[in-house]
Amino acid sequence: MPSVNAVRQRSEVVVEIGGLPIRLRSNNSIFLRLIHERYAGYVSLSNDASFDFEVELAPPGTESGDKEVQVTWDSGRWLMERGDFRAEWNPSTSRGRIFQTINPYSLDSVLRIVHTLLLARTGGFLVHASSAIRNGRAFLFPGVSGAGKTTMARLAPPDVALLTDEISYVTRQDGRYFAVGTPFFGELARVGENLRAPIDAVYLLAKGAENKIEPIVGADAVRGLLGNILFFARDPKFVKLVFDAALDFVSHVPVRRLTFVPDSRVWELIV
Amino acid sequence: MNDKLYVARSTAIAARVLGDETMIMSATDSTLFTLNEVATVIWESADGTTPLEEIVANKICTQYEVTFEAALKDAESLVEELAGHGLLMVSDKPIGQAIPKLAETSWAA
């Protein structure tokens, strides 16, 4: 008996980072394949999503230079803009739109911004840090560019699970802080493992002539952390939430300075 | 003529006292400032209704070995700097209800 099998081409991908599934819709199959590849390990098999974004693709070459990212709250929507994308997101409807060319990097930036906004509501944040899990405990290594985030990731021994070498994802749950794997990578060019563990300590990175660890407390700890937290939105309420989150974080999690020689022995101190 | 200065903390900031220091983050550009012990005294006393010279006389000169003139000069410099960053409001009249409230936003709800 003749039959026809029709397989409907999916026009969406659900990317789930930190337990927050975001549905990305596009009618461009090449772009969707790019997303699948870029977020391997973070593409949800479920079709359920808490947030929806329609991605509209502009022709290549329509980017407008090096305009810096701007995130503003206007008439019930977050507006996000940079030279290579424009996006808006309405938190009350959980829906948004993204205008960009066909590349995964613009989307990556939008997702980082959206996650900083979502995390702020629950006391979490994104921070410029590599992070890893060892023996069931997570460690964060914040630092500016060149401080050694990727170096720490590269030097990690086999028993260490890498969460990211660039942007760490910190969530707060029941008064405890957890580090979560992210697909946001730096020079390592490798997505982090999609794992989660309670944060044991933060090590502010500094390269030096010997390996040593020093405790950092009070205002110095807050400064060290805040200096690496991602602030996109110039919004008073957002800034207050993140400021309070950083202060609460350092009252729960030890902050230390890790001065290190860039070789594998540094990991002998991280146990 | 009233030449008194009144100072009030801006509402567009996030601030917390940690030990002897005060950390202040500008909510408009997320710049972080740290006040030392003496500056913290002035910051905490900046209620918009107490003149700066009264704060200096009663809160600074009584606790630290400094002349009133020197302390007032330093306090005025501090106030000018903080006001320049939008952290303090300065007026020659008491600042009360005039303190602008932050626009209510609902995104964090």
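Colleague: How many residues of chain B are in contact with chain A?
Modeller: Residues are numbered from 1 along each chain as its sequence is written, with chains lettered from A and ligands numbered from 1 in the order in which they are written. Two residues are in contact if their C-beta atoms, placed from the backbone, lie within 7 Å. On the chain A side 21 residues take part, and on the chain B side the number is 18.

Colleague: Which elements of chain B give two or more residues to that side?
Modeller: Helices (H or I, at least four residues) and strands (E, at least two) are DSSP runs, numbered from the N terminus. By class, this side of chain B has 10 nonpolar, five polar and three charged residues. The elements giving two or more of its residues are β2 (13-18), β3 (21-26) and β4 (32-35) of chain B.

Colleague: Happy with that! In what order do the strands of the open sheet in chain B run?
Modeller: Strands pair if DSSP finds at least two bridges between them. The edge strands, each pairing on one side only, are β2 and β4 of chain B. Between β3(B) and β4(B) there are four bridges, and Met25(B) stands opposite Leu32(B). The sheet is antiparallel, and the order is β2-β3-β4 (chain B).

Colleague: Which helix of chain A packs on this sheet?
Modeller: Neighbouring strands of the sheet are turned by 20 degrees against each other on average, direction ignored. The helix touches β2 and β3 of chain B, and its direction makes about 20 degrees with that of β2(B). It is α5 (residues 236-252) of chain A.

Colleague: Turning to chain A, what is its radius of gyration?
Modeller: Chain A has five helices and 15 strands. For its 271 residues the globule rule gives 18 Å, and the value for chain A is close to that, so it is as compact as a globular protein of that length. The C-alpha trace spans about 70 × 50 × 40 Å along its principal axes. The radius of gyration of chain A is 20 Å.

Colleague: Which residues make up the covered face of β4(A)?
Modeller: In a regular strand the side chains alternate between the two faces of the sheet. In β4 (residues 70-74) of chain A, the uncovered face holds Gln70(A), Thr72(A) and Asp74(A). The covered face is Val71(A) and Trp73(A).

Colleague: Which residue in the turn between β4(A) and β5(A) has a positive phi?
Modeller: These strands run antiparallel, joined by five bridges, and Thr72(A) has Leu79(A) as its bridge partner in β5(A). They form a hairpin with two residues between them. With a phi of about 50 degrees, the residue is Ser75(A).

Colleague: Is Asn58(B) buried or exposed?
Modeller: Asn58(B) lies in helix α2 of chain B. A residue is buried if 20 or more other C-beta atoms, placed from the backbone, lie within 10 Å of its own, exposed if 12 or fewer, and partly exposed in between. Asn58(B) has 12 such atoms, so it is exposed.

Colleague: Finally, where in chain B is the pLDDT below 50?
Modeller: Chain B averages a pLDDT of 87, and 86% of its residues score at least 70. Where pLDDT is low, the predicted coordinates should not be read in detail. The stretch below 50 has 12 contacts beyond near neighbours in sequence, and it covers residues 97-105 of chain B.

Definitions and conventions
Predicted model: local features only at pLDDT ≥ 70, side-chain atom pairs only at ≥ 80, totals over all residues. Nonpolar A, V, L, I, M, F, W, Y, C, P; charged D, E, K, R; others polar. Rg over C-alpha atoms; globule rule 2.2 N^0.38 Å. Axes fitted to C-alpha atoms, helices over the stretch in contact; angles between N-to-C directions. pLDDT = per-residue confidence, 0-100.
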